[in-house]
Amino acid sequence: MKTLSTALLANLITTNRKKLSMTQQSLADATGINRSLISRMEKEDFLPSIPQLEQLGETLDFEPQTLFV
């Protein structure tokens, strides 16, 4: 069974967010996800729900299924 890799997620969010010159707050505003939860995801301390993961994928241009290993 595949599981969501928190390390891949954290790296992807941080890298893509910085590529787009976004702050955690601007990403929060764009996705509707609380800024503190984005911070926790970047620290591998929070697993997003599927809708949150889909919203992050749309905003940061990645396919959520690539995070499952």
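The model is predicted, so local features need pLDDT of at least 70 and side-chain atom pairs pLDDT 80 or more, while totals for chains, interfaces and linings use all residues. Residues are numbered from 1 along each chain as its sequence is written, and side-chain values use heavy atoms, without hydrogens and water.

Biologist: How many residues does the largest nonpolar core have?

Modeller: A nonpolar core joins buried (under 20% relative accessible area, 1.4 Å probe, protein chains only) Ala, Val, Leu, Ile, Met, Phe, Trp, Tyr and Cys residues through side-chain atoms within 4.5 Å. Helix 1 (6-19), helix 2 (24-31), helix 3 (35-42) and helix 4 (50-60) each give two or more residues; helices are DSSP runs of H or I, at least four residues. L9, I13, L27, I38, M41, L56 and L60 have the most contacts inside the core, and its residue count is 15.

Biologist: At what angle do the axes of helix 2 and helix 4 cross?

Modeller: Axes are lines fitted to C-alpha atoms over the stretch in contact, with angles from 0 to 180 degrees between N-to-C directions. The two axes come within 10 Å and cross at roughly 115 degrees. Helix 2 is therefore roughly perpendicular to helix 4, a class spanning 65 to 115 degrees. The value is roughly 115 degrees.

Biologist: Which residues of helix 3 meet helix 2?

Modeller: The axes of helix 2 and helix 3 come within 8 Å. From helix 2, the contact (heavy atoms within 4.5 Å) uses Q24, Q25, L27, A28 and T31. On the helix 3 side are R35, I38, S39 and E42.

Notes
Buried < 20%, exposed > 50% of the residue type's maximum accessible area, 1.4 Å probe, protein only. Parallel < 35°, antiparallel > 145°, perpendicular 65-115°, else oblique.
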